[in-house]
Structures are given as C-alpha cells and as structure tokens.
Amino acid sequence: MTAREVTAGSRYRFTDRRKALVLGKVVLVTGVARQLGGRFVRRVQREPGVDRVVAVDAVEPAHPLGDAEFVRADIRQSAIARVLAEYSVDTVVHLDVSGKALGAGGRTAIKETNVIGTMQLLGACQKSPTVQRLVVKSSTSVYGSASRDPAVFTENTPPKSLPSGGFAKDAVEVEGYVRGFARRRPDVAVCVLRFANILGPQPDSPLADYLSLPVLPTVFGYDPRLQFVHEDDVVDVLGVAAREPRRGTLNSGTFNIAGDGVLLLSQCSRRLGRPTVPVPLPAVTWVGSALRTVGMTDFSPEQIRLLTHGRVVSTVQMRETLGFRPEFTTAQTFAEFVRSRGAGLLPPEAVGRAVDRLGALPVLGGAGPRESGAGTVQNTHGAR
C-alpha cells in the first residue's frame, strides 16, 4: 500500500501522470479506515477488470489495504475533486456514511462527514467526466420506526414518521442528495444499498454496542422484530453493485439488503445469555442519557424507537432485480455475533425460561406483545 495526503489548500500534484492513463476500471472507496471499508478494498482488488483501487479517508487505517493506494483526504473538503480527476476514477463506492464515530469524533463530526462529506463527494462526481458508476451505503433506518408502521417496508414505502435526528436523519439527507445527483447526471449508474443492522464477528455500530451490554435495557411491553445482515454479505453485495450487472439483473436503483427471517429482541437476549431490564417508555430516555454519559453505548432516540417498534424490510428486489442472495440468514448472522461476544452473564436456557415465566404473568398481560410478537415470524420477510 502506498499513501499520499491531499488537503483543501495543498498544491500537491501527482508526479507520475502515466498513472492517470491506465486502462481498465479505477475504483475509489471512501471510509476505508473502518473495518468494513478495509475489507471491501481488499476484496475489490480481486475483481476482474479492476486495475487500481484508490482508498480514501481522513484517518490512516490501522488495517492493511493490500495493493490499494491510500490517499489521506477529508471528503468534507474540495480536495476530493482533485483525487477523482488525477486518478481518472470511473467507479465510486461511498462507504463513509456511518452512525458511529471513529476514534474520538463526536456526533457533530459524524454528521458533517455523513452529510457535508457526501455533498462534496457528489459535487466532485458531478464535475468528473470519467465517473460512470456510484454506489452509496445507506441504511433501512431511513424508514424510521413508529407504532403505525407497515409490517414490511418495500423500497417504495413512505415512512409514517420521518426520522427527526441522529444517523437516520443523516441517511435520509444523504439519499436526497444522491437522488439529486442522479437527476443531474443520468449517464451515471447510481446504486443505493439500504442495509439492515450489520452484525458479524467485528461489528461497528451503536446496536452492536447495545447488544454487548451485560444487561440489556428494553422498553416495557414491547418486543421488536429485528433484521440483520452479515458483514461478509455486505462486502459481497457491494461487489455486485460496483461492477457491471450480470445478464438478467440490474444494479442501478435502491435496494433493501437484509438476511432472511427476523428475530425478536427477546430471542436475541436469550441467545446472548444476557438478562433484560424492562424500563417504562417515559424513563427510557433517561436511561439512554445515562448510558451515553458513561460512554457505554449510544442509546439514541432513533435506537430507542427501533427497540420499541422494530423494523422489517422486504428483500424481493434484492433477489429478483439485483440478483443477490445473502449467504447468512438473520439468525445465522446473529449466531456469528454471539460467538464473537463470548458467554453472557447467564446460560441462554436460563434466560429463556425466565423470560417465558415473566411473559406468562397476568400482570404483564399473559399473551401480550411478547407472545403475539413471537407468532409473527412466519416467512422470510417477517410479514405479520
């Protein structure tokens, strides 16, 4: 791996102009300091027809990037346009959209990178005559989580309540800018991948931090349905989106990406061997603030809504149009995560028996939200 640094005010120019004249595909990947970005960079180098991979981040990665050329650049600055021009980039894979800070960065830094960084990157892509394909990592959090949500969201289902803050609002804004770019540059193939909660052996998300707590605070009376997608499948589907589509498929558009099936939060706690502490809804915000203060997890309002109402999306378009079938189901993905976390405070069987006994108590409503929720998982898309 070679490294260069480009800043907004630098006078840097590439000395070897022949590097910009290589034939074949030149792929630029943002957000490579994160584990997911690093894995994709190493993977895409093995794709046939890829001659060069340019890895971009404001922070130098701690993991190897193979033969990729690392360029230290902040996508919030206009310098990213020079990188696109100098390398004659034709494929951009934008992974620097995240809900969790890297290092000591706070919420403000994340939002600036997610939103302002995306605006700068899209502006650079719009001016670039060589860019032919754009892939953007998004999230199913754009649908929000509300009590009146449909059983299953499709890519065209409007949310009942738009996210009011946090990463979910960032993702909504990012997708809005991407749609504007697609209208201005109809010659560029644009693919937006809305990922469900990403888990696996090395997860990097607020939900993974929450599930790693020794005791899981839950919203009293609710047992949300959750979907997960494995890190390996994320890397695989990014590869599908970044290359020319296979015959009979189309990798331009917006696609929900999730593993088959759903899990209830109570099922997750059992498999983790972690007890739950039901908290009345009005007090959940206070608990979340306390957890954020001590730095245990980012128990944000959007995560509270997810852990109250849950969210399930349809993956029909992922299969039939994009032509991608995940290797891991939601349950298998969660099993991989459980193995990486180690044993919980209690044996999973004991947690399961305790939850069942509590759910059967008349004071908790007997066949209330937990029991009825468990009976909703009837097909791969979680339809009620």
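**View 1. Aromatic pairs in the predicted model.** The structure holds 3 aromatic pairs. Rings of Phe, Tyr and Trp (its six-membered ring) pair if their centres lie within 6.5 Å; planes under 30 degrees apart count as stacked, over 60 as edge-to-face and the rest as tilted. This is a predicted model, in which local features need pLDDT of at least 70 and side-chain atom pairs count only at pLDDT 80 or more, while totals for chains, interfaces and linings use all residues. Residues are numbered from 1 along each chain as its sequence is written, and side-chain values use heavy atoms, with hydrogens and water left out.

**View 2. The stacked pair of Phe-228 and Phe-334.** The two ring centres are 5.4 Å apart, with 25° between the planes. This pair links distant parts of the chain, 106 residues apart: Phe-228 is in strand S11 (residues 228–230) and Phe-334 in helix H11 (residues 330–341). Helices (H or I, at least four residues) and strands (E, at least two) are DSSP runs, numbered from the N terminus. Phe-228 is buried at 0% relative accessibility, and Phe-334 is buried with a relative accessible area of 0%. Buried means under 20% relative accessible area, exposed over 50%, partly exposed in between (1.4 Å probe, protein chains only).

**View 3. The tilted pair of Phe-334 and Phe-337.** The planes of these rings stand at 45° and their centres are 5.8 Å apart, so the pair counts as tilted. Both residues lie in helix H11, 3 residues apart, which is about one turn of the helix. Phe-337 is buried, at 0% relative accessibility.

**View 4. The cluster of Phe-228, Phe-334 and Phe-337.** Ring pairs join these residues into a cluster.
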